[in-house]
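Here's a quick briefing to read with the model open. Have a look at the fold first, then come back for the notes.

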Amino acid sequence: MIEVEKLSFSYPTGSRPALVDVSFAVRPAELCAVVGGDGAGKSTLAGVVSGTVPHLTGGDVEGSVRVNGRTLADAPLSGLVGEVGLVMQNPFNQISGARFSVREELAFGLENLGVPRDEMAERVDTVMRELGLAKVRDRSPYELSGGQQQLLAIGSVLVMRPGVMVLDEPTSQLDSAGCDLVFAALDTLKEQGITTLLIEHRMERLAREADRVLVLEHGTIVADGTPGEVLADERLEKWGVAPLRYTVAARRAAARQLWPAGKPLPVTLDAAVEGFGGTVESFDGGGPR
Ligand SMILES: Nc1ncnc2c1ncn2[C@@H]1O[C@H](COP(=O)(O)OP(=O)(O)OP(=O)(O)O)[C@@H](O)[C@H]1O
């Protein structure tokens, strides 16, 4: 569970606050996406919820952030391992470089924590199985595809058994196959009851996979709802987020009475097909409804 209350944050050198009076809560096992234009505050929010901001950046924080009931401001960054894990854009930067194989890399953080050998082996095997990394267990992390490297970065956090995961644009450097691997991993997190905050630009994926979408504009939450509610909102472009092509097509059709009256605009291909299918059927019956 993530609970953010009246959070405002300014970087030491920032000319204006990066976050302004942000409040929201993410329930256990919920996948909550954060979208917004350039400089809206998404990475800063990811940093505050994972504890790296202000611990590593400095700056002024007002309000509170709690992760599974624990107030982040009261905890040292090292004390948050096992509570909240952060996965960043470039998996390459998250690989330690100190270990020769995927299996050893996954064990690295646990070794540092002094986790007993048997438990370490069990946790590493479990994560490899869950994320589909077992087949590359003895390969060098540097020989993996970008998608597999990102899975390894996710796995390295998952072995710590955090209740909350924060992923800051985990697919931005990946091709479509890599992106599939990451979204399959997000399903695994959900099945395990992990609360997830995901910064992501791939709106089609979010529309299908997220439980909830927050929109940030100039550091403030301007929308909070289901993907269907938020991504079909006519203000989306004004908030700096490009609308989905299904929504745009249906909006144009609606302006010409070619979209079923009262039907929400679609954010997925399936919903678009269903809506346009209804329009086609209504023509068969003599005209649009
Ligand atoms: N380390 C920093 N020091 C000072 N200002 C910063 C720092 N990092 C970000 N900012 C500023 O804080 C604001 C929010 O930036 P942030 O990176 O959180 O936005 P974002 O939504 O993630 O943007 P993008 O999508 O472009 O990555 C911006 O005005 C940015 O210039």
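Predicted model: local features only at pLDDT ≥ 70, side-chain atom pairs only at ≥ 80, totals over all residues.

The chain splits into domain 1 (2-243) and domain 2 (246-284). An unreviewed UniProt entry annotates residues 2-243 as "domain: ABC transporter".

**Overall layout**
- Across residues 2-243, 35% of the chain is helix and 24% is strand.
- The end C-alpha atoms of that stretch sit 27 Å apart.

**Helix α5**
- Val124, Val127, Met128 and Leu131 are the buried residues of α5.
- Looking down the axis of α5, these buried residues stay within an arc of 100°, so they line one face of the helix.
- That buried set packs against α4 (102-113), α6 (146-158) and α7 (176-191).
- Over on the other side of α5, you'll find Asp118, Glu119, Glu122 and Arg129 exposed.

- Taken over C-alpha atoms, the centres of domain 1 and domain 2 are 34 Å apart.
- Domain 1 puts 7 residues into the contact, and domain 2 puts in 6 residues.
- On the domain 1 side, α8 (203-209) and α9 (227-231) are the elements giving two or more residues.
- The largest share of that side, 3 residues, comes from α9.
- By class, the domain 1 side has 5 nonpolar, 1 polar and 1 charged residues.

Definitions and conventions:
Residues numbered from 1 in each chain as written. UniProt positions renumbered as here; feature names shortened; annotations may be inferred. Helix = DSSP H or I, 4+ residues; strand = E, 2+ residues; numbered from the N terminus. Buried ≥ 20, exposed ≤ 12 C-beta atoms within 10 Å, placed from the backbone. Arc of directions from axis to C-beta. Contact = placed C-beta atoms within 7 Å. Domains from an automatic or database assignment. Nonpolar A, V, L, I, M, F, W, Y, C, P; charged D, E, K, R; others polar.
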